[in-house]
Amino acid sequence: DSIVSLIDVEKSFGKNKVVKKMNVEIKEGEFLTLLGPSGCGKTTTLRMIAGFEEATSGAIKVQGESVEDKEPFERDVNTVFQNYALFPHMSVFDNIAYGLKIRKRPKDEITKRVNEMLDLVQLKGYENRKPDALSGGQKQRVAIARALINNPKVLLLDEPLGALDLKLRKQMQVELKRLQKKLGITFVYVTHDQEEALTMSDRIAVMNEGVIEQLATPREIYDRPFTKFVAGFIGESNIFDGKVKALHDGILDVETSSGTMKVKGSGFDVGESIHVSIRPEYVKVNSDPVEGFDLKGNVKDYIYMGTVVKTSVDLKDNIEIKYSRFEKDEDFKEGDSVNIYWNPERAVAIKAK
Ligand code: ADP
Ligand code: MG
């Protein structure tokens, strides 16, 4: 029940390989996000699915059928671009109707479908306006309506909210997610914004330099990052480099330049290099040392953010560990000498490459 399959897909521009051995099975009806920094190959991947770009090797299938020999318009997919790509001289109605007009559908069908789309994206009353007379958010809704009018099986969206200001972007994230659920269409969504990806997606493929580093649910990606890159890119994290000193009952003692720490982990050997990632919200502070931890420092700053307080402790090697806590919780003051610890289950052991 995969609706789109990428099998060992690679893409090179000249000598520059920008997508490497990519394997993804996109399920019918899911909201899948390609997330990664600028230049990691997100747009190229989307353009290969759409048919605007040819894969250098590997296969792409839509509904089990290879699409190699199919033109973009023959594929059961449609694309929404960041810059909207609306026809400036056409009204909202004609922009949305375009896909049915070129298919020479009867006039009454076109009117009916366009009205359904205007309803869907909440643009009733705007049908006679030109794109110039619309706000950014409204233009994006027209672009989405235009892409949906042909009932595509898969909608490809390339940073569709990138041009909107923060408030409108948050609002459109919720709207788009609702729309996707309501229609049950598969969305393949591209963004470099990790918060956007966590909010909207059923699954996220985290990309780095043309490679998918992890493909999993937002919760798995956040709680159990596979790689140092994923741990650092998604949310805030404290990441230490160290070596396994001892292991017992699935808990590792790790030696780092900041001191020793404990982390849950399996499949590691004594002496092996390792990264330990711990989220600020799981970092705990105590006046006395805690068994298994030797992480001392002074409380550095105190940033009040409403319900939470963000603060950090300077460890002995000048590495700063961030921690956050609820404002109402009792805590330490700037300059206090403290010991850091955490529940080893909350920390993540990551293989060093
Ligand atoms: P992203 O969308 O993640 O920012 P892209 O897929 O646009 O990344 O680009 C990935 C890499 O491929 C970049 O290094 C970019 O410069 C390169 N690239 C993209 N399109 C072309 C092209 N048509 N010709 C040559 N290089 C390209
Ligand atoms: Mg891009």
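This report describes the ligand shell, the annotated domain, the sheets and the helix packing of a predicted model.

## Basis of the description

Local features are reported at pLDDT of at least 70 and side-chain atom pairs only at pLDDT 80 or more, while totals for chains, interfaces and linings use all residues. Residues are numbered from 1 along each chain as its sequence is written, and chains are lettered from A and ligands numbered from 1 in the order in which they are written.

## Surroundings of ligand 1

The shell around ligand 1 consists of Phe-13, Val-18, Gly-36, Ser-38, Gly-39, Cys-40, Gly-41, Lys-42, Thr-43 and Thr-44; a residue is counted if its C-beta atom, placed from the backbone, lies within 6 Å of the molecule. Helix α1 (residues 42–50) supplies the largest share of this shell, with 3 residues. Helices (H or I, at least four residues) and strands (E, at least two) are DSSP runs, numbered from the N terminus.

By residue class, the shell contains 3 nonpolar, 6 polar and 1 charged. Here Ala, Val, Leu, Ile, Met, Phe, Trp, Tyr, Cys and Pro count as nonpolar, Asp, Glu, Lys and Arg as charged, and the others, Gly among them, as polar.

## Annotated domain

An unreviewed UniProt entry carries the annotation "domain: ABC transporter" for residues 4–234; such annotations may be inferred rather than shown by experiment. This span is 36% helix and 27% strand, and its end C-alpha atoms lie 25 Å apart.

Strand β1 (residues 2–13) runs antiparallel to strand β2 (residues 16–27), joined by 8 bridges; two strands pair if DSSP finds at least two bridges between them. Lys-11 has Val-19 in β2 as its bridge partner. The two strands form a hairpin with 2 residues between them, and Gly-14 in the turn has a positive phi of about 60°.

Strand β1 is also joined to strand β4 (residues 57–62), again antiparallel, by 5 bridges. In this pairing, Ser-5 is partnered by Lys-61 of β4.

Ile-204 stands opposite Ala-216 in β10.

## The five-stranded sheet

A further open sheet has 5 strands in the order β15-β19-β16-β17-β18, with antiparallel pairing. Strands β15 (284–286) and β18 (320–326) each have a single partner strand, so one side of each is left without a neighbour in the sheet. Neighbouring strands here are turned by 45° against each other on average, direction ignored.

Within this sheet, β16 (residues 296–305) and β19 (residues 337–341) pair in the antiparallel sense over 3 bridges. Gly-297 faces Val-338 in β19.

## Helix packing around α2

Helix α2 (residues 92–101) packs with helix α4 (residues 136–148) at an angle of about 30°, with their axes 7 Å apart. This makes α2 roughly parallel to α4, a class that covers angles under 35 degrees, whereas those over 145 are roughly antiparallel, 65 to 115 roughly perpendicular and the rest oblique.

The axes of α2 and helix α3 (residues 107–120) come within 10 Å and cross at roughly 130°. Helix α2 is therefore oblique to α3.

Terms used. Axes fitted to C-alpha atoms, helices over the stretch in contact; angles between N-to-C directions.
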